[in-house]
Every structure is written in structure tokens, then in C-alpha cells.
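Have a look at the model first, then read on.

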Amino acid sequence: MKETDLELGDGRVLHVYDTGHGPREDGPAVFWHHGTPNTGAPPAPLLPAARRLGVRWVSYDRPGYGGSTPRPGRDIASAAGDAAAVADALHIDRFAVVGHSGGGPHALACAALLPDRVLGAVGVAGLAPFGADGLDWYAGMTPGGAASLRAAAEGRAAKELHEAEAEFDPEMFTPADHAALDGEWSWFGEVVGPAVAAGPGPLIDDDLAYVAPWGFDPALIAAPVLVLHGGADRVVPAAHGVWLADRCPAGELWLRPDEGHISVLGDAAAALEWLVRHGGH
């Protein structure tokens with residue numbers, strides 16, 4: 001894994017991760033968009049599948065996280081410009097995108113706003129747009145998760161106050177989630193701690209972006225989109241995934257009834273295989 005700091009034209013820095021080409025030089029480049037709060041290292045549990053498929057993982061710390069400069073007021077759409085800048089710096093013309101949880105909307109932003117570059121997208125347990133037509137957005141979230149996002153909807157001051165007083169709610173994760181976090185996906189411990197080490201600022205920026213206009217409509221995505229979602233998800237209820245799959249013109253839904261927000265990643269390697277088949281080149 002090569003890590004570099006990329007200076008952008010506006011003076012910001014993005015901390016970039018790149019596994020480089022594997023044995024197959026013709027393998028696709030796939031951008032990983034991380035969740036909230038995580039840093040951007042590609043998911044270690046998926047590295048063996050990536051090597052088998054010839055995937056070159058590329059990612060970056062979203063602004064404010066890890067080694068990337070904060071960008072207060074950023075919207076979801078801004079991810080497209082940042083991803084394009086990283087791709088340009090690495091001389092990558094076309095690529096696919098994968099996002100988990102809060103990374104899902106950011107991956108879809110790239111697919112919508114970079115139609116000539118993004119070959120396909122996978123969104124895992126991702127949010128639908130705030131105020132989406134026909135969707136009861138908060139329904140099915142744990143009280144703590146809903147309260148966090150309701151605070152964001154009230155504005156930065158309310159969200160900052162909420163974060164100053166909030167405590168982790170283990171009930172947001174299902175028993176299957178906790179088992180995954182104790183097993184293969186214990187990897188999250190490597191990316192959550194560093195993400196919040198300097199305080200909740202980037203988490204606040206993320207949540208404010210989720211409940212603001214995204215800056216694009218998923219209905220404009222022409223590339224193939226796979227939506228993978230757990231039917232038992234308490235963080236982002238499955239209705240969000242159903243809405244997104246219906247909204248994207250080339251959307252496909254994999255709904256896993258018994259899985260939660262983390263345990264659904266047990267199907268992520270299969271989703272990566274789908275991505276290589278449908279949008280790998």
C-alpha cells in the first residue's frame with residue numbers, strides 16, 4: 001500500500017492510498033469511499049478478493065479525516081471533484097467506485113457527476129437523500145442514530161452540541177454486526193480510532209452533508225449500480241437501499257434480510273466480483 005499526500009489546486013491536501021497494479025496490469029481501478037467516522041484506507045478484508053480479481057484499490061481520507069485538509073461546508077457532490085483529482089494524479093482515466101455506509105452517497109456522487117469516467121458503482125448500506133420522495137427517512141433507525149442526524153438537520157451548532165454530549169449506542173448494531181466486528185471486520189478498529197483522534201469535526205461535516213442537498217440526483221446515474229443492504233440494518237434502514245435501487249436507472253438490489261450494517265459486508269467480495277463483471281472495463 002502506497003500512501004501519498006496530494007496537494008490540490010485550492011491548497012488543500014488529500015491523503016491518498018493506492019495498492020497499485022497487481023499481477024494483472026489490465027485490472028480495473030476501484031475507488032473506495034469510506035464511512036463515518038473512518039479514515040480512508042481500503043478495506044483489508046477485501047484485499048484478497050481484490051488481488052484475485054486484479055483490482056487496484058485507490059482511496060483517500062475524506063476532507064478533515066486523517067491526513068486530509070478539512071473542508072467545512074462540503075456537500076456530497078464535492079467527492080466527485082476530489083476523486084477526479086486523485087485519479088488525474090495517478091493517471092487513471094476510468095474507474096469504478098465502492099462506498100460503505102456514509103461512503104455510499106459519495107460513491108454515487110462520482111457515478112452521477114463523472115459519467116465519462118465511472119464505469120460502475122456499488123453502494124453498501126448507504127443512505128438515501130434527505131427528504132427523498134416516498135421515504136420515511138428516519139424510520140427504523142435506533143433512537144441514538146436518529147437523534148444524531150436530527151441534530152445535524154437543525155444545523156452545525158445543534159450538531160456540535162449533540163456530539164459534545166453523545167455516547168456510543170451499542171444497540172445500533174445487531175448481534176450479527178457485533179460478531180462481524182469481533183471477527184473479520186475487526187479491521188474497523190484500525191480506521192475508526194484515527195478518524196476521531198482529533199475530535200468530531202469531520203464526522204460533523206459528514207452528517208451535515210447527509211441532511212443537506214446532495215448536489216446531484218441518483219436518477220441521473222447511467223452506469224450500472226449495485227445496492228447491497230441488510231434487511232436488519234439499524235444504522236441505515238433497508239428502505240434507503242430499496243429507494244436507491246429503484247431510483248438509479250441501472251440499479252440492482254441485493255437485500256440480505258438477516259444482515260445488519262456491518263455483517264452485510266460478508267457479501268462485499270461477491271459485490272466486488274459483480275462490479276468487475278458489470279463495470280470493470
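1. Let's start with a pair of helices: how are α4 and α5 oriented relative to each other, roughly parallel or roughly antiparallel? Bear in mind that this is a predicted model. The angle between helix α4 (residues 143-154) and helix α5 (residues 156-165) is about 150 degrees, and angles over 145 count as roughly antiparallel. So α4 and α5 are roughly antiparallel to each other. Their axes lie 6 Å apart.

2. Who touches whom in that pair? On the α4 side you'll find Ala-147, Ser-148, Ala-151, Ala-152 and Glu-154, and on the α5 side Ala-158, Lys-159, His-162 and Glu-163. Sorted by class, the α4 and α5 contact comprises 4 nonpolar, 2 polar and 3 charged residues. If you want a reason for the spacing along a helix, an α-helix has 3.6 residues a turn, so residues three or four places apart point the same way.

3. Apart from its neighbours within four places in sequence, Thr-142 is in contact with Asp-169, Glu-171, Met-172 and Arg-234.

4. Both helices from the first point turn up again around helix α8 (residues 201-210). How many of the 10 residues of α8 are buried? The count is 9, so to speak a helix that is mostly covered. The buried ones are Pro-202, Leu-203, Ile-204, Asp-205, Asp-206, Asp-207, Leu-208, Ala-209 and Tyr-210. Their cover includes α4 and α5, along with α3 (103-113) and α7 (188-196).

5. Now some backbone details. Most residues other than glycine have a negative phi, and most peptide bonds are trans. Against that background, look at the bond from Thr-36 to Pro-37: this peptide bond is cis, with omega near -10 degrees. Pro-37 belongs to the loop between β3 (29-33) and α1 (47-53).

6. Two non-glycine residues with positive phi are worth a look as well. For His-91, phi is near 60 degrees, and the residue lies in the loop between α2 (78-89) and β5 (95-100). For Ser-101, phi is about 55 degrees, and its loop runs between β5 and α3. Which of them is buried and which exposed? His-91 has 75% relative accessibility and therefore counts as exposed, whereas Ser-101, with a relative accessible area of 10%, is buried.

7. Finally, the chain as a whole. There are 10 helices and 8 strands in the protein chain. A compact globule of 281 residues would have a radius of gyration near 19 Å, and the 17 Å of the protein chain agrees with that. Along the principal axes, the C-alpha atoms occupy a box of roughly 50 × 45 × 35 Å.

8. Of the contacts with a separation of 6 or more, 77% are between residues 24 or more positions apart. The accessible surface amounts to about 11,200 Å², and carbon and sulfur atoms contribute 54% of it.

Conventions. Residues are numbered from 1 along each chain as its sequence is written. This is a predicted model: local features need pLDDT of at least 70, side-chain atom pairs count only at pLDDT 80 or more; totals for chains, interfaces and linings use all residues. Side-chain values use heavy atoms; hydrogens and water are left out. Axes are lines fitted to C-alpha atoms, for helices over the stretch in contact, and angles run from 0 to 180 degrees between N-to-C directions. Helices (H or I, at least four residues) and strands (E, at least two) are DSSP runs, numbered from the N terminus. Angles under 35 degrees count as roughly parallel, over 145 as roughly antiparallel, 65 to 115 as roughly perpendicular and the rest as oblique. Contact means heavy atoms within 4.5 Å. Ala, Val, Leu, Ile, Met, Phe, Trp, Tyr, Cys and Pro count as nonpolar, Asp, Glu, Lys and Arg as charged, and the others, Gly among them, as polar. The radius of gyration is taken over C-alpha atoms; the globule rule is 2.2 Å times the number of residues to the power 0.38. Accessible areas come from the Shrake-Rupley method with a 1.4 Å probe; for residues, only the protein chains shown count as cover. Buried means under 20% relative accessible area, exposed over 50%, partly exposed in between (1.4 Å probe, protein chains only).
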